[in-house]
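Subject: Handing over the structure

Hello,

Here is the structure I promised to pass on to you. Please open it first, and then read on for what was found in it.

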Number of protein chains: 2
Amino acid sequence: MVIPIRGDLLQGTLDLLVLKTLNWGPRHGYGIARWLEDTTGDALHIAEGSLYPALYRMQQRGWIDAEWGVSEIGKRIKVYTLTDEGRAQLKNEFAQWSSFVNAVSRVMATS
Amino acid sequence: MVIPIRGDLLQGTLDLLVLKTLNWGPRHGYGIARWLEDTTGDALHIAEGSLYPALYRMQQRGWIDAEWGVSEIGKRIKVYTLTDEGRAQLKNEFAQWSSFVNAVSRVMATS
DNA sequence: AACGGGTACCTCGTCAATCTAGGTACCAAC
DNA sequence: GTTGGTACCTAGATTGACGAGGTACCCGTT
């Protein structure tokens with residue numbers, strides 16, 4: 001049974017997930033969503049209405065670069081690449097995430 | 001060094017933390033915040049502007065009961081108690097949280 | 001007497017981010 | 001010719017956390 005994950009849990013983590021995905025190499029938006037869903041066994045669902053605004057934000061912040069290209073099957077795609085700033089941000093966000101998970105775990109583990 | 005935790009990470013998790021706190025027994029709002037900050041070594045900061053609205057929401061949803069009382073030092077306090085529904089919600093939210101952390105971990109662990 | 005600081009509650013307005021539901025476009029398969 | 005997949009986008013609604021403010025009482029210090 002797959003437990004549905006509420007959207008507000010994703011809040012503040014979507015960027016981290018996207019940055020991590022792009023750390024493996026350039027990818028286009030749709031591909032990022034598919035990759036994330038695949039590697040989490042569909043535990044995460046990446047809504048397009050969340051993803052595209054997020055990609056836009058991250059581009060504005062200089063974390064990723066974008067350029068138009070063509071996919072293997074001939075579709076017009078926008079390919080995103082991690083910048084140096086993006087790599088720094090990834091490191092940063094992962095540290096925050098770890099620290100947060102750690103804190104919550106400490107609470108949940110109390111007895 | 002303490003890594004500051006962005007507020008959006010807390011989004012969707014504050015309820016879980018409060019429910020878990022109340023699972024140890026009745027507590028008042030201010031006390032809940034202090035307990036959470038203490039047990040996480042101040043990794044989490046519970047803002048009152050987040051906490052009190054959250055308590056109100058959870059009461060409306062039937063997860064917690066509230067009644068006025070007096071603290072050990074004579075202050076007027078509002079004491080919250082977990083309901084059966086709240087206990088069910090705690091179980092539910094913890095399952096979702098675990099599932100989510102698991103999914104993110106799988107992404108972050110890829111190599 | 002005045003002040004700062006701790007306990008304890010509350011609310012208003014702002015902000016940020018996700019999601020739903022729509023839309024466009026092309027192509028392959030049935 | 002209609003469904004379904006790939007691939008992009010946006011507008012509006014909703015939600016929740018937060019900062020900043022306020023009230024009230026008490027204690028200890030200046």
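**Helix packing in chain A**

Helix 2 (residues 14-22) of chain A packs against helix 4 of chain A at an angle of about 75°, and their axes are 11 Å apart. The axes are lines fitted to C-alpha atoms, for helices over the stretch in contact, and the angles run from 0 to 180 degrees between N-to-C directions. Helix 2 of chain A is therefore roughly perpendicular to helix 4 of chain A (angles under 35 degrees count as roughly parallel, over 145 as roughly antiparallel, 65 to 115 as roughly perpendicular and the rest as oblique). Helix 2 of chain A brings A:L14, A:D15 and A:V18 to this contact, and helix 4 of chain A brings A:S50, A:A54 and A:M58. Residues are in contact if their C-beta atoms, placed from the backbone, lie within 7 Å. The residues of this contact are four nonpolar, one polar and one charged. Here Ala, Val, Leu, Ile, Met, Phe, Trp, Tyr, Cys and Pro count as nonpolar, Asp, Glu, Lys and Arg as charged, and the others, Gly among them, as polar.

Helix 2 of chain A is also mostly covered, with nine of its nine residues buried. Among them are A:L14, A:D15 and A:V18. For burial, other C-beta atoms within 10 Å of a residue's own are counted, all placed from the backbone: 20 or more make it buried, 12 or fewer exposed, and a count in between partly exposed.

Before you go further, please keep in mind that this is a predicted model, in which local features need pLDDT of at least 70, side-chain atom pairs count only at pLDDT 80 or more, and totals for chains, interfaces and linings use all residues. Residues are numbered from 1 along each chain as its sequence is written, while chains are lettered from A and ligands numbered from 1 in the order in which they are written. Helices (H or I, at least four residues) and strands (E, at least two) are DSSP runs, numbered from the N terminus.

**Helix packing in chain B**

In chain B, helix 2 and helix 3 pack at an angle of about 100°, with their axes 10 Å apart. Helix 2 of chain B is thus roughly perpendicular to helix 3 of chain B. The residues that make the contact are B:L17, B:V18 and B:T21 of helix 2 and B:I32, B:W35 and B:L36 of helix 3. Five of the residues in this contact are nonpolar, one is polar and none is charged.

**How the two chains meet**

Chain B superposes on chain A by a rotation of 180° with 0.0 Å of shift along its axis (RMSD 0.1 Å). The two copies are thus related as by a two-fold rotation axis. The superposition is by least squares on the C-alpha atoms of residues with pLDDT of at least 70 in both copies. Which residue of chain B comes closest to the rotation axis? B:Q11 does, with its C-alpha at 3.2 Å.

In the interface, 28 residues of chain B are in contact with 27 residues of chain A. Helix 5 of chain B gives the most to the side of chain B that touches chain A, with 12 residues. That side has 16 nonpolar, eight polar and four charged residues. The copies meet through the same surface, because 96% of the interface residues of chain B are also interface residues in chain A.

**The DNA strands**

DNA strand C has 26 residues around it, and A:G7, A:G49, A:S50, B:Y30 and B:S71 come nearest. A residue is near a strand if its C-beta atom, placed from the backbone, lies within 6 Å of it. Helix 4 of chain A supplies the largest share of the surface near DNA strand C, six residues. This surface has 11 nonpolar, nine polar and six charged residues.

DNA strand D is surrounded by 27 residues, the closest being A:G29, A:Y30, A:S71, B:G7 and B:G49. Here the largest share of the surface, six residues, comes from helix 4 of chain B. By class, the surface near DNA strand D has 11 nonpolar, 10 polar and six charged residues.

**One loop residue to look at**

A:D42 has a phi near 65°, a positive value in a residue other than glycine. Most residues other than glycine have a negative phi. A:D42 sits in the loop between helix 3 and helix 4 of chain A, and A:D42 is exposed, with 11 other C-beta atoms within 10 Å.

Best wishes

Methods. Two residues are in contact if their C-beta atoms, placed from the backbone, lie within 7 Å.
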